[in-house]
Amino acid sequence: MRIDVVTIFPAFFDILDVSLLGKARGAGLLDVRIHDLRAHTHDRHRTVDDSPYGGGAGMVMKPEPWGDALDQIVERTDAGIRPTIIFPSPAGEVFTQTTARDLSTREHLVFGCGRYEGIDERVFAYAATRGDVRLISLGDYVLNGGEVAAMAMIEAIGRLVPGVVGNPESLVEESHEDGLLEYPSFTKPATWRGYDVPEVLLSGHHGRVAQWRHEQQIERTRARRPDLLPDTDRD
């Protein structure tokens, strides 16, 4: 998978060189390229923002640098591959595990990280002529810019690319994969500071363990995220 990121803070994404994603980049499973939006400006101050038409607080990111950056990225894309262009935005659809699964099957993702009061709306319309555009939000809150959201999405998506996680079976039992939160996990020692591992996990009885884990998933989901359960299971 190829991932391009456009940002005014390229150093933010240095973290992609560590952990599983760093190994995946080294192995050629993920081709991640970071682009400085200011490299696509044409004035000595490298200006990427201006005051909004109609007045109002804050500044809006100018369309010219974005157009040039997107043009350059798409022109270097392999022929026949239409990229999915993602703009992190509190005005977008909510990012979920299902979204991550879907995006992990795409060949080329482009993340456009906005700042200030956002990006000139015309950029989204133009981007739709170069790829499939999606505005995506991490949740109902506002961040200072799109970098944190893009990094979270890249990790959630990237780890689902085949080969990135060493044991693919570990992905199946995670929170949200089956609509429920993940069951609690324990390891050695069996007793620690007065807290014991549940006896069923020490029994060696795989059927009982599986049943207990499923019950824990339902109980945990009901307590923490009842909105994920069918109405009949919420009480």
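Helices and strands are taken here as DSSP runs numbered from the N terminus, a helix having at least four residues and a strand at least two. In this predicted model, helix α1 spans residues 19-26 and holds three buried residues, Leu21, Gly22 and Ala24. Just after α1, Gly28 takes a positive phi of about 85 degrees.

Other backbone features were found in loops. Most residues other than glycine have a negative phi, and most peptide bonds are trans. Against this background, Arg46, which is not a glycine, has a positive phi near 55 degrees; Arg46 lies in the loop between β2 (31-36) and β3 (49-50), and with a relative accessible area of 37% it is partly exposed. Tyr116, likewise a residue other than glycine, has a positive phi near 60 degrees and is placed in the loop between β6 (108-112) and α4 (122-127). Its relative accessible area is 37%, so Tyr116 counts as partly exposed. The peptide bond from Lys188 to Pro189 is cis, with omega near 5 degrees, and Pro189 is found in the loop between α6 (169-172) and β8 (191-192).

Within strand β7, which covers residues 132-137, lies Arg134. Arg134 counts as buried because its relative accessibility is 17%, and the cut-off for a buried residue is under 20%. The side chain of this arginine makes a polar contact with the side chain of Glu93, at 2.9 Å. When neighbours within four places in sequence are left aside, the residues in contact with Arg134 include Thr84, Ile85, Ile86 and Phe87, as well as Glu93, Asp102 and Arg106.

Empty space in the model was also examined. Rolling a probe the size of a water molecule over the atoms shows where such space is left. The largest pocket contains about 480 Å³ of space, and of the 26 residues that line it, Pro88, Ser89, Pro90, Ala91 and Gly118 are the closest to its centre. Two or more lining residues are given by each of the strands β5 (84-94) and β7, with β5 providing the largest share, five residues. Sorted by class, the lining of the largest pocket comprises 14 nonpolar, nine polar and three charged residues.

Key. Residues are numbered from 1 along each chain as its sequence is written. This is a predicted model: local features need pLDDT of at least 70, side-chain atom pairs count only at pLDDT 80 or more; totals for chains, interfaces and linings use all residues. Side-chain values use heavy atoms; hydrogens and water are left out. Buried means under 20% relative accessible area, exposed over 50%, partly exposed in between (1.4 Å probe, protein chains only). A polar contact is a pair of N or O atoms within 3.5 Å; within protein, one must be able to donate a hydrogen and the other to accept it, and residues adjacent in sequence count only if both atoms are side-chain atoms. Contact means heavy atoms within 4.5 Å. On a 1 Å grid over the protein atoms alone, a cavity is a set of points where a 1.4 Å probe fits but cannot get out, and a pocket is an open set with protein on both sides within 12 Å along at least five of seven lines; lining residues have an atom within 4 Å of a point. Grid points are joined across faces, edges and corners, and a volume is the space filled by probe spheres set on the points. Ala, Val, Leu, Ile, Met, Phe, Trp, Tyr, Cys and Pro count as nonpolar, Asp, Glu, Lys and Arg as charged, and the others, Gly among them, as polar.
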